[in-house]
Amino acid sequence: MTGRVAGKVAFITGAARGQGRSHALRLAEEGADIIAVDACVDYASMDYAMATRDDLEQTVKEVEALDQRIVARIADVRDKNALQQALDEGVAQLGQLDIVSANAGICSVQTWDNVSSELWQDTMDVNLTGVWNTVVAAIPHLTNTGGGSVIITSSTGGIKGQPFLTPYIAAKHGVVGIARSLANELAQKNIRVNTVHPTGVDTALLAGLGGMDELINLDPSTGGIFVNTLPVEVVEPRDISNAVLFLASDEARYVTGLQMTVDAGCTNR
């Protein structure tokens, strides 16, 4: 078997579409088997539809078309027990765990005074506590394997104070703290922990975020915070997946505690 992650098993949350599906396919292309989970549930606090069971089935079909094994389950990262059960079942079938992509996330756009309690809680529960639940479920399995790589999806908003996204920004800053702390705590177990920080990515999530232009027009001085340095407005999911692949592979065997930007220079402005 050849490939940069050949013989490894990757656990990916939010795997039904978007970046999660892209990560599953890129890792499968390089020889990994996949444990894929997604909640496949809508949120009343969000203005766009989430992934569906059909989306998750499509991920399964595309991974299997690459001649890799995949175990897919409906599991919500907010539900620690369901997440643990899904991961345990996947490891039981595939034999081990080497890579974790804590990717599941939601986002909304509004001014601070339009952040409802429900919206705040949903965002924290998925984007911050959900990441914690994912990593906690995975650590014993990674330890049993003798080490591994945890890759947490943050954002340019995990580095910059982008306006009109406060719950999202708070959570994405928070996961950097999780990663930096665990990178030190788990180093002696040979578990590496890093974050990836994309700029806008061409996914259903980004397409569902309406109203940002109108809010920037209320205060044009905020617009430059979102602008990339390179002459592109958004990047492709595969661009992020290539970063995930690198951090998952042995090429990054001494990379831990890193905030890796794939942001066309946005955080450098």
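The largest nonpolar core of this predicted model has 39 residues, of which Phe11, Ile35, Leu87, Leu97, Val150, Ile152 and Val193 touch the most other members. A nonpolar core is here a set of buried Ala, Val, Leu, Ile, Met, Phe, Trp, Tyr and Cys residues joined through side-chain atoms within 4.5 Å, and buried means under 20% relative accessible area, exposed over 50%, and partly exposed in between (1.4 Å probe, protein chains only). Two or more residues of this core come from each of β1 (9-13), β2, α3 (80-94), β4 (99-102), α4 (117-145), β5 (148-153), α5 (166-185) and β6 (191-198). Helix α4 gives the most, with eight residues. A second, separate core of 32 residues includes Leu25, Ile70, Ile99 and Val235. Helices (H or I, at least four residues) and strands (E, at least two) are DSSP runs, numbered from the N terminus. Residues are numbered from 1 along each chain as its sequence is written. Local features need pLDDT of at least 70 and side-chain atom pairs count only at pLDDT 80 or more, while totals for chains, interfaces and linings use all residues; side-chain values use heavy atoms, with hydrogens and water left out.

The strands form an open sheet of seven, in the order β3-β2-β1-β4-β5-β6-β7, with parallel pairing. Two strands pair if DSSP finds at least two bridges between them. The edge strands, β3 and β7 (259-262), each pair on one side only. On average, neighbouring strands of the sheet are turned by 15 degrees against each other, direction ignored. Axes are lines fitted to C-alpha atoms, for helices over the stretch in contact, and angles run from 0 to 180 degrees between N-to-C directions.

Strand β4 runs parallel to β1, to which three bridges join it; the partner of alanine 10 in β4 is isoleucine 99. On its other pairing, β4 is joined to β5 in the parallel sense over four bridges. Valine 100 stands opposite valine 150 in β5, and alanine 102 stands opposite isoleucine 152. Both faces of β4 are covered, with Ile99 and Ser101 buried on one side and Val100 and Ala102 on the other.

Six of the six residues of β5 are buried, so this strand is largely enclosed by the rest of the structure. Gly148, Val150 and Ile152 lie on one face, and Ser149, Ile151 and Thr153 on the other. Strand β5 also pairs with β6 in the parallel sense, over six bridges, and glycine 148 stands opposite isoleucine 191 in β6. Leaving aside neighbours within four places in sequence, isoleucine 152 is in contact (heavy atoms within 4.5 Å) with residues including Ala102, Val131, Val135, Val175, Ile178 and Val193.

Helix α8 (residues 237-248) lies across β4, β5, β6 and β7 and runs at about 165 degrees to β6. Helix α2 lies across β2 and β3, at about 175 degrees to β3. In α2, Leu56, Thr59, Val60 and Val63 are buried. These residues cover an arc of only 100 degrees around the axis, which puts them on the same side of α2; the arc is that of the directions from the helix axis to the C-beta atoms. Their cover includes α1 (18-29), β2 (33-38) and β3 (70-74). Asp54 and Lys61 are exposed on the face of α2 turned away from its buried side.
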